[in-house]
Amino acid sequence: MSRKRQSTFEDLADLSARLPWWAGVALAVISFLILHYFAGIKVSVGTGPGNFGNSISKQIWVSLALFGQLIVPGAFSLGAIVSAIRNRQGNTLFSNTSKNPSAVAPRCSVCNSVMVIRTVKRGSKLGSQFWGCPKYPNCRGTLPIKDA
Ligand SMILES: [Zn+2]
C-alpha cells in the first residue's frame, strides 16, 4: 500500500521548517507547555449524572495531551533544525553573490583621489555618467564608466 498523505508529525515538522528557526523553537516550547498543562489536569470522576460524559471526553483529551506533549514539540524542534540549516545555506549563497559596487571606483589619474560618479549637466552628452574627481573644479580629472 502506498502512503497517501504525511503523518501529523511530518506535517508539523514541514510547517515549522517553513518558519524561521526561532519560531519553530518558540512553537515547540509553547506547545509543550500547553499540552503539558492539559496532560496534568486531574480527571475527576463526575459527582452527578451530568458530569459523566464530560469526564470521559476530558480523559480522552488528557490522553491526547500526554501523547502530544512529546510528539508536537518534537516535530516543531525538528522543523526548527531544518529551517536553521536552510537559513545558513541561504546566507552563504547570498554573501557569495553580493558584491559592493563602490569597491571598484577608480582613482583620479591626476591627484589619485577615489573618484565619484557624476552626471553630465549640459551639452550633447546630457544625462550620461562618468567618473569625476571629487576635488573638481580644482582637479579636472575624469574617466569614462566602463560597462561591466
Ligand atoms: Zn583629481
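Predicted model: local features only at pLDDT ≥ 70, side-chain atom pairs only at ≥ 80, totals over all residues.
## Overall layout

The protein chain has 3 helices and 3 strands. Along the sequence they follow the pattern α-α-α-β-β-β.

The chain has 148 residues, and buried residues make up 17% of them. Take the contacts between residues at least 6 apart in sequence: 53% of these join residues at least 24 apart.

## The nonpolar core

Nonpolar side chains tend to be buried together in soluble globular proteins. Which residues make up the largest nonpolar core here? There are 12 in all: L12, A13, A17, W21, V25, L27, A28, L35, V72, A75, F76 and A80. Helices α1 (8-18), α2 (21-39) and α3 (52-97) each supply at least two residues of this core. The largest share comes from α2, with 5 residues.

W21 is one of the core residues. Beyond its neighbours within four places in sequence, W21 is in contact with A80, S83, A84 and N87. A80 belongs to the core as well.

## Helix α2

Helix α2 has 19 residues. From its first C-alpha to its last it reaches 27 Å. That is close to the 27 Å expected at 1.5 Å a residue.

Its buried residues are W21, G24, V25, L27, A28, S31 and L35. Seen down the axis of α2, they fall within an arc of 160 degrees, so they line one face of the helix. What sits on the face turned away from this buried side? That face carries the exposed residues W22, L33 and Y37.

## Helix α1

In α1, the buried residues are L12, A13, S16 and A17. Viewed down the helix axis, they fall within an arc of 135 degrees, so they too line one face. The face of α1 turned away from the buried side carries exposed residues T8 and R18. Among the buried residues of α1, L12, A13 and A17 are part of the largest nonpolar core.

## The sheet

How are the strands arranged? The 3 strands form an open sheet in the order β1-β2-β3, with antiparallel pairing. The edge strands are β1 and β3 (142-144), and each pairs on one side only. From one strand to the next, the twist averages 40 degrees.

Strand β2 covers residues 129-132. It pairs with β1 in the antiparallel sense over 4 bridges. V116 stands opposite G132 in β2.

## A loop residue: S113

Where is S113? It lies in the loop between α3 and β1 (116-119). Is S113 buried, exposed or partly exposed? It has 15 C-beta neighbours inside 10 Å, so it counts as partly exposed. For a buried residue, the cut-off is 20 or more; for an exposed one, it is 12 or fewer.

Leaving aside its neighbours within four places in sequence, S113 is in contact with R107, C108, C133, P134 and K135. S113 and C139 are 26 residues apart along the chain. Their C-alpha atoms are separated by 9.8 Å.

Terms used
Residues numbered from 1 in each chain as written. Core = buried A, V, L, I, M, F, W, Y, C linked by C-beta atoms within 7 Å. Contact = placed C-beta atoms within 7 Å. Expected span 1.5 Å × (residues − 1). Arc of directions from axis to C-beta. Pairing = 2+ DSSP bridges. Axes fitted to C-alpha atoms, helices over the stretch in contact; angles between N-to-C directions.
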